[in-house]
Amino acid sequence: MTKAIFNKMGRRDVNDDLHTDDDETDDLHSSEVAAKAEKWKEHYSSSHRILFVGEGDFSFSLCLARAFGSAHNLVATSLDSYDDIGKKYSNGLSNVIELEERGCLVLHGVDAKEMSQHFFLKTQRFDRIIYNFPHVGFLYPENSYCQIQLNKRLLKGFLANAKALVKKEGGEIHVTHKEGDPYNKWDLVKKAEKRGLVLQQVVPFFKDDYPGYDNKRAHGKLSDASFLVGEASTYKFKVQTSNT
Ligand SMILES: C[S@@+](CC[C@H](N)C(=O)[O-])C[C@H]1O[C@@H](n2cnc3c(N)ncnc32)[C@H](O)[C@@H]1O
């Protein structure tokens, strides 16, 4: 009879009086290789060190963590406190717990406009920094001057801080943003270029590409509600270098 014993490190101990057959050894080897193999989800690879900014209920970062099988390369952040995540979103805390179980570092109270000074983040450099649907919350009518100014200020602060935290070689900052009025008044690309970032690519964003992702309004009584994504795009920026 073939027997195998696994120790706590997941390695196989074979005693003198036990033997394994070659097929079993091959199966074990191929499953270890598969677990380590690079996995991709749309623009993102399991080998990328990724920072998520302005998460709502953490369902976007969790979608990538599940796709990769491991979240050890991921740092997911929210402006909301841990308590607020529990109050605002029906799946917020369970998503955070699953992310942490998968090895993700989850940080709360991280302001996109100041994150390059954050005690931990300032020691890190990322391959991808992702902010989906930046928005300050519905303080004034969406089309009003005040609301647009506040959203522009958020974008400006995020871009400057993300530039400091992204890897200069091969790093990318991704902003997913609605198209059309009033969102095109936020001047995303102009703001990025002013801060020494170069637009690499604009790709249409489809929520269905990210199973489990539940985009949140994140503000007021309807925090847990989704908003209509409609026509939206992911804008990919990199740091301008002497070669670009
Ligand atoms: C429209 S919601 C999108 C939430 C989430 N990214 C999603 O796609 O479901 C905008 C998010 O921006 C966050 N936010 C607003 N101001 C911020 C700031 N200064 N720093 C970081 N996040 C901020 C809000 O807390 C909210 O989670």
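Ala, Val, Leu, Ile, Met, Phe, Trp, Tyr, Cys and Pro are counted here as nonpolar, Asp, Glu, Lys and Arg as charged, and the others, Gly among them, as polar. By this division, the shell around the ligand in the predicted model consists of 9 nonpolar, 5 polar and 5 charged residues. The ligand is surrounded by 19 residues, of which the closest are Gly54, Gly56, Leu79, Ala112 and Ala218; a residue is taken as near a molecule or strand if its C-beta atom, placed from the backbone, lies within 6 Å of it.

The model is a predicted one, in which local features need pLDDT of at least 70 and side-chain atom pairs count only at pLDDT 80 or more, while totals for chains, interfaces and linings use all residues. Residues are numbered from 1 along each chain as its sequence is written.

The chain contains 6 helices and 11 strands, defined as DSSP runs (H or I, at least four residues, for helices; E, at least two, for strands) and numbered from the N terminus. Of the 244 residues in the chain, 33% are buried, that is, 20 or more other C-beta atoms lie within 10 Å of their own, with C-beta atoms placed from the backbone.

An open sheet of mixed pairing is formed by 7 strands in the order 7-6-5-8-9-11-10; two strands pair if DSSP finds at least two bridges between them. Strand 7 and strand 10 (197–204) are at the edges and have a single partner strand each, so one side of each lacks a neighbour in the sheet. From one strand to the next, the twist averages 20°.

Strand 5 (residues 50–53) runs parallel to strand 6 and is joined to it by 3 bridges, with Ile50 having Leu74 as its bridge partner in strand 6. The β-α-β crossover from strand 5 through helix 2 (residues 59–68) to strand 6 is right-handed: with the strands pointing away from the viewer, the path from the first strand over the helix to the second runs clockwise.

In a regular strand, side chains alternate between the two faces of the sheet. In strand 6 (residues 74–77), Leu74 and Ala76 point one way and Val75 and Thr77 the other, and all are buried. Strand 6 also pairs with strand 7 (residues 105–107) in the parallel sense over 3 bridges, and the bridge partner of Val75 in strand 7 is Leu105.

Phe52 stands opposite Ile130 in strand 8.

Conventions: A residue is buried if 20 or more other C-beta atoms lie within 10 Å of its own, exposed if 12 or fewer, and partly exposed in between; C-beta atoms are placed from the backbone. Axes are lines fitted to C-alpha atoms, for helices over the stretch in contact, and angles run from 0 to 180 degrees between N-to-C directions.
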